[in-house]
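I opened the notebook to look up a few things in this structure. The entries follow in the order I made them.

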Amino acid sequence: MGRPSFQSALPGLLGCVSFILSAVAGVYCKFITFKSTDGGTYGPSEPVTLNFGIWYYQWYTVVDSAIQGIVILETCHQYDDGVDIDSNWKSARAFSTMALIIGGLITFWALLSTCLFYNKQMYRSGGGLFILCCLFQGLTLLFLDSNACNNNIYIEKVKQLMPAVNLQFEDTCSMGSGAKCAIAATVMWFVTGMVSLKVNPPQHDPVMVETHDVTYTQTINPEDGTALVTETVVTGEPTVAD
C-alpha cells in the first residue's frame, strides 16, 4: 500500500470548494442586484431589491396558504424568450458552463489522487486545467457589462406593474451574492492550480525482497566414491527492490 499525504489530497479538497462557489455563481439567480432608490408616493419604506442571475432571475410568487394566509415567496425563473441576450451575456453563460464542466471533471480526478498515485507530470497537467478554470470563471464577470445590467427589461416591467407606486431604481446593477461567489471561485481555482503545480505526489511503499545465502557442500564417500552434496540456506535481511 501507498502512503497518501494530506498535501497530495489538497488539490481535490480545494477543487471541491472552488466547484461549489462556481456552481452558486453560475446557477443561482442573484448574480446582480438592483435596488430601488425611491419608494415612490405609495411605495414601501424599505428599498425593493430585484436580483438576476446568468441563467435565471428572481421573481415573487404569491401563495395563498390555508395555514399562513397569503405568503410572498422569492423564486427563481427562467428568462422569457423575448429577453435580448447580448454577446457579453452569452459569453458569461458559455464560460460559466465550461468552468463547471472542466472544473467538475478535474476536481473528481484530483480526489482520486490518493488512490491512483499520479506522478508529478500529471499533477502539473491538472494544475494547468485548474488555472484554465480560473480564466473561464473570471470571464463570467462579463455579465456585469451585459444587457442584464445596463438595459434590463424587467426593471421596466416592475414599473409597469405598479404605476401608482412609481418606483425608481439605480441606473446600473451592483454585484450580488452570485458575483461575489464568482470572484471567490476565480481566486480559489487559481489557488487550487498553484497547489497542484507544487504538490509532491503520494509515495508507494517500497517493495521488500527477501535475501538468501545458499551454500553447497560436496562430500566424497571414501568407501564407494559417491559424492554427497549438502545445501545450506541462510535467510538474510529483507532489502528494497530496485
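Helices (H or I, at least four residues) and strands (E, at least two) are DSSP runs, numbered from the N terminus.

I noted the basis: this is a predicted model, where local features need pLDDT of at least 70 and side-chain atom pairs pLDDT 80 or more, while totals for chains, interfaces and linings use all residues. Residues are numbered from 1 along each chain as its sequence is written, and side-chain values use heavy atoms, without hydrogens and water.

I counted 7 helices and 12 strands in the protein. Of its 242 residues, 33% are buried (under 20% relative accessible area, 1.4 Å probe, protein chains only).

I listed the buried residues of helix 2, among them Trp89, Phe95, Leu100 and Ile106. Their cover includes helix 1 (6-27), helix 4 (120-139) and helix 7 (177-198).

I then looked at Asp86, in the loop between strand 5 (69-78) and helix 2 (87-111). Asp86 is buried but has no salt bridge (a side-chain nitrogen of Lys or Arg within 4 Å of a carboxyl oxygen of Asp or Glu). The nearest side chain of opposite charge, Lys90, is 8.1 Å away. A polar atom of the Asp86 side chain lies 3.1 Å from the backbone nitrogen of Asn147.

Terms used. Buried means under 20% relative accessible area, exposed over 50%, partly exposed in between (1.4 Å probe, protein chains only). Lys and Arg count as positive and Asp and Glu as negative; His and the chain ends are not counted. A polar contact is a pair of N or O atoms within 3.5 Å; within protein, one must be able to donate a hydrogen and the other to accept it, and residues adjacent in sequence count only if both atoms are side-chain atoms. Contact means heavy atoms within 4.5 Å.
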